[in-house]
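User: Hi! I'm new to this one and would like a friendly walk through it. Could you show me the model?

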Amino acid sequence: LKATYKSVAESRDSKLESVAWATDKLSVYGVSQKLELLKGAILAGDLNKVRLLMENHAGGKLSAKDQNGDSLLHLAAETGDLGMVIFFVSKFCALNNMNGEGKTPLDVATAAGHDELAKYMEAVGCRKTQKVQKTILV
């Protein structure tokens, strides 16, 4: 029981730290800097910070892309973080946009060796580049 209380307290403290961090950063940063904060939170696997930044429209919209043309879903797929990918899918982000290299988020997950994540992504409608191009051409 003591361990459960400690776990709950640590979780609460982590969330409070994320709220304080996001509030501090959002008050002084411009849109491009906020997108970089969002990208950093995704790559660090910090879903609490991602949620806070998205709630405060940090970095713009779900359709935001970084300088490489990677969408938020591309970044989440690269990390292999299933929870992060589920979060973006639940927010109805575009599943099959191509990045600057012509890869979809599913291509990125597959190339990074995240096989279980790739199976989930395919199940929710993500497609590989070849399938997206065939759909466009037909």
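User: Which residues are exposed on the other side of α7?

Analyst: Glu-116, Lys-119 and Ala-123 are exposed there. Exposed means over 50% relative accessible area, buried under 20%, and partly exposed in between, using a 1.4 Å probe and protein chains only. Before we go on, this is a predicted model, where local features need pLDDT of at least 70 and side-chain atom pairs count only at pLDDT 80 or more, while totals for chains, interfaces and linings use all residues. Residues are numbered from 1 along each chain as its sequence is written, and side-chain values use heavy atoms, with hydrogens and water left out.

User: Thanks. And which residues of α7 are buried?

Analyst: Leu-117, Ala-118 and Met-121 are buried in α7, which covers residues 115-123. Viewed along the axis of α7, these buried residues fall within an arc of 100°, so they line one face of the helix. The arc is taken from the directions between the helix axis and the C-beta atoms. As for the names, helices are DSSP runs (H or I, at least four residues), as are strands (E, at least two), numbered from the N terminus.

User: What do the buried residues of α7 pack against?

Analyst: They pack against α4 (72-79), α5 (82-90) and α6 (105-111). Contact here means heavy atoms within 4.5 Å.

User: How do α5 and α7 pack, then?

Analyst: Their angle is about 15° and their axes are 10 Å apart. That makes α5 roughly parallel to α7. On the α5 side the contact is made by Leu-82, Val-85, Ile-86 and Val-89, and on the α7 side by Leu-117, Tyr-120 and Met-121. Axes are lines fitted to C-alpha atoms, for helices over the stretch in contact, and angles run from 0 to 180 degrees between N-to-C directions. Under 35 degrees counts as roughly parallel, over 145 as roughly antiparallel, 65 to 115 as roughly perpendicular and the rest as oblique.

User: What about α4 and α5, at what angle do they pack?

Analyst: About 160°, with the axes of α4 and α5 8 Å apart. The two helices are therefore roughly antiparallel to each other. Leu-72, Leu-73, Ala-76 and Ala-77 from α4 meet Met-84, Val-85 and Phe-88 from α5.

User: Switching topic: how many salt bridges does a search of the whole structure find?

Analyst: Four. A salt bridge is a side-chain nitrogen of Lys or Arg within 4 Å of a carboxyl oxygen of Asp or Glu. One of them joins Lys-119 and Glu-116, whose closest N and O atoms are 3.4 Å apart.

User: How far along helix α7 are Lys-119 and Glu-116 separated?

Analyst: By about one helical turn, being three residues apart in α7. In general, an α-helix has 3.6 residues a turn, so residues three or four places apart point the same way. Lys-119 has a relative accessible area of 54%, and Glu-116 has 60%.

User: Which side chain does Glu-101 meet in a salt bridge?

Analyst: That of Lys-103, at 3.5 Å from N to O. Glu-101 is exposed at 61% relative accessible area, whereas Lys-103 is partly exposed at 32%. Another salt bridge brings together Asp-46 and Lys-49, at 3.9 Å from N to O. Asp-46 is partly exposed, with a relative accessible area of 21%.

User: Last one: what follows α7?

Analyst: Gly-125 follows α7, and its phi is positive, near 115°.
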